[in-house]
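Student: I am new to this structure. Please take a close look at the surroundings of the ligand, and then relate that part to the rest of the chain.

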Amino acid sequence: MIQNKRMMSLGAFFQPTGHHVTSWRHPQAQADAGTNFAHYAEICRTAERGRFDLIFLADNYAMREASPEALSRAAQFVCNFEPLTLLSAIAAVTERIGLVATASTSYNEPFHIARKYASLDHLSGGRAGWNIVTSALEYEAYNFSRDRHYDHEDRYERAREFTRVVQGLWDSWDDDALVRDRESGLFFDTDKVHKLDHRGKYYSVRGPLNISRPPQGHPVLVQAGASATGRGFAAEFGEVIFSTHLTLPEAQEFYTDVKGRARALGRNPEHIKVLPGLMVMVAPTEAEAKEKLDYLQSLIHPKVALEILSFTLGGADLSGYDLDGPLPELPMDPGGSQSSFATTVNLAREHKLTIRQLAYRMAASRQRVLITGSPAQIVDHMEHWFTNDAADGFNILPPYLPGCLDDFVELVIPELQRRGLFRTEYTGRTLREHLGLPRTKSRYA
Ligand SMILES: Cc1cc2nc3c(=O)[nH]c(=O)nc-3n(C[C@H](O)[C@H](O)[C@H](O)COP(=O)(O)O)c2cc1C
């Protein structure tokens with residue numbers, strides 16, 4: 001009997017010019033990528049040629065804040081397309097790849113989100129996914145008539161109710177509600193359209209949604225909670241979960257914990273795909289790959305590196321410390337990302353890094369694993385995590401675009417395929433089919 005071998009799921013996580021902080025300065029990057037549709041069309045088609053499961057776009061609702069000196073050198077998080085709008089256009093120039101856009105539960109209404117993602121799912125023939133975030137930057141609040149951001153627990157409590165409302169709205173229309181019978185003149189069956197009538201702590205939403213049931217039932221729910229509360233949310237709702245752990249034991253702990261939490265809630269752990277972030281610098285030989293990374297690192301301005309480090313530490317003030325000395329004991333900001341703080345401090349302690357070394361490391365990849373090497377070395381790493389309960393696949397972060405994505409598709413994908421770890425052709429049409437997830441049943445079915 002032929003056994004179906006477990007295959008990796010792969011996401012392509014795009015920042016406009018790439019994930020490396022100096023990516024926009026690289027001669028093989030597209031410096032004006034933020035609002036260059038032709039660039040996005042090209043990289044999305046390249047990812048589709050590589051048979052990636054999905055494209056993923058992150059989002060914040062504010063321009064990042066930093067000193068003018070650091071900010072003026074940054075291409076990331078400053079000015080670029082709104083992801084859902086962009087992916088709606090990308091849907092028209094791609095055929096198979098999944099399209100995952102980020103939207104926040106703190107600064108949207110559930111009705112808007114349900115309607116927009118249902119629209120993207122219809123536009124793309126069942127390829128939409130929603131990365132659910134609660135927003136973590138204090139100053140995102142200032143763009144939404146508030147002087148303070150919601151605190152961490154409050155954000156997640158709102159997010160749970162918000163997401164349940166969105167799911168309820170997606171079930172508004174039964175699959176066979178639209179009759180469109182020209183003969184009798186009956187357009188739809190009113191008994192098959194449902195009002196939600198939700199009245200909760202934060203939201204009152206009557207429904208029904210004014211768009212029919214999405215092709216996937218529900219678009220795929222994506223999440224990246226890392227704190228205990230965030231993991232609880234991921235276990236309840238997440239179907240794709242992004243993680244950021246830097247070591248195999250940490251990644252294994254997360255993988256086992258989140259799947260265990262999901263099982264305890266009655267979910268099938270196989271219907272949750274944990275994809276750690278992986279920044280890859282690949283070249284035919286390890287020496288060439290290292291040379292490519294060294295070149296990018298040489299373009300980093302020290303001020304930029306320090307501010308990125310300070311950001312990952314929740315805004316810690318590092319002025320006044322010797323850059324070539326160890327990271328001092330710092331207080332953790334209770335409102336910021338706790339996991340981000342812990343991962344950064346652990347990295348410094350484990351590798352005995354000076355503040356300067358830690359800052360350049362953070363500037364290169366933030367809190368993602370960065371591997372530099374030949375195709376075989378990259379795939380060895382991926383296979384090791386994949387076969388040791390740390391990952392169901394990876395969220396790939398190209399350091400600069402389009403160059404590093406081209407390299408990944410030309411060098412790494414064939415090696416994954418040769419080892420039988422990744423598909424050679426799409427076998428499904430929808431994002432759920434690529435991921436091996438069932439179509440969501442309606443609560444009224
Ligand atoms: C790959 C990845 C992408 C993320 N994208 C966003 C994003 O686009 N917008 C955002 O506000 N937060 C984003 N986050 C932050 C997460 O939503 C989450 O807040 C973070 O992982 C910390 O976990 P916690 O909320 O449980 O403390 C992302 C995290 C990861 C790992």
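Tutor: A polar contact is a pair of N or O atoms within 3.5 Å; inside the protein, one atom must be able to donate a hydrogen and the other to accept it, and residues adjacent in sequence count only if both atoms are side-chain atoms. The model is predicted, with local features needing pLDDT of at least 70 and side-chain atom pairs pLDDT 80 or more, while totals for chains, interfaces and linings use all residues. Residues are numbered from 1 along each chain as its sequence is written, and side-chain values use heavy atoms, with hydrogens and water left out.

Start with the shell around the ligand. There are 20 residues around the ligand, a residue being near if one of its heavy atoms lies within 4 Å. Asp 59, Tyr 156, Ala 224, Ala 226 and Ser 227 are the ones that come nearest. By class, the shell has eight nonpolar residues, eleven polar residues and one charged residue. In this count Ala, Val, Leu, Ile, Met, Phe, Trp, Tyr, Cys and Pro are nonpolar, Asp, Glu, Lys and Arg are charged, and the others, Gly among them, are polar.

The side chain of His 152 has an N or O atom 3.0 Å from an oxygen atom of the ligand. In Ala 224 the backbone takes this part, with an N or O atom 2.6 Å from a ligand oxygen atom. In Ser 227 the side chain does so, again through an N or O atom 2.6 Å from an oxygen atom of the ligand. Of the 610 Å² of accessible area that the ligand has on its own, the protein covers 88% (Shrake-Rupley method, 1.4 Å probe; for residues, only the protein chains shown count as cover). Two elements, β4 (128-133) and α5 (152-170), each give two or more residues to the shell. Here helices (H or I, at least four residues) and strands (E, at least two) are DSSP runs numbered from the N terminus.

Thr 163 is buried, at 0% relative accessibility (buried is under 20%, exposed over 50%, partly exposed in between; 1.4 Å probe, protein chains only). The C-alpha atom of Thr 163 is 44 Å from that of Tyr 321, which is 158 residues away along the chain.

Another threonine gives a contrast. Thr 85 is found in helix α3 (residues 83-91) and is exposed, at 52% relative accessibility. Its side chain makes a polar contact of 2.4 Å with the side chain of Glu 82. The C-alpha atoms of Thr 85 and Ala 101 are 9.1 Å apart, with the two residues 16 apart along the chain.

Next come the salt bridges, of which the structure holds 23 (a side-chain nitrogen of Lys or Arg within 4 Å of a carboxyl oxygen of Asp or Glu). In one of them, Arg 6 pairs with Asp 392, and the closest N and O atoms are 3.0 Å apart. This pair links distant parts of the chain, 386 residues apart: Arg 6 is in the segment before β1 (9-13), and Asp 392 is in the loop between α12 (375-386) and β13 (393-397). Arg 6 is partly exposed at 39%, whereas Asp 392 is buried at 6%.

Asp 257 and Arg 261 form another salt bridge, at 2.9 Å between the closest N and O atoms. Because they are four residues apart in helix α7 (residues 248-264), about one helical turn separates them. Both are partly exposed, Asp 257 at 22% and Arg 261 at 30%.

The side chains of Arg 419 and Asp 380 also meet in a salt bridge, 2.9 Å from N to O. Arg 419 lies in the loop between α13 (403-418) and α14 (431-435) and Asp 380 in helix α12, so the pair ties together parts that are 39 residues apart in sequence. Asp 380 is partly exposed, at 42%. Elsewhere, a network of salt bridges links Asp 171, Asp 175, Arg 213, Arg 439 and Arg 443.

Last, the cysteines. The structure holds zero disulfides (pairs of cysteine sulfur atoms within 2.5 Å). The closest cysteine sulfur to that of Cys 79 is in Cys 44, and at 19 Å it is too far for a bond. Cys 404 also has its closest cysteine sulfur in Cys 44, at 16 Å, too far for a bond. Cys 79 is exposed, with a relative accessible area of 58%, whereas Cys 404 is buried, at 4%.
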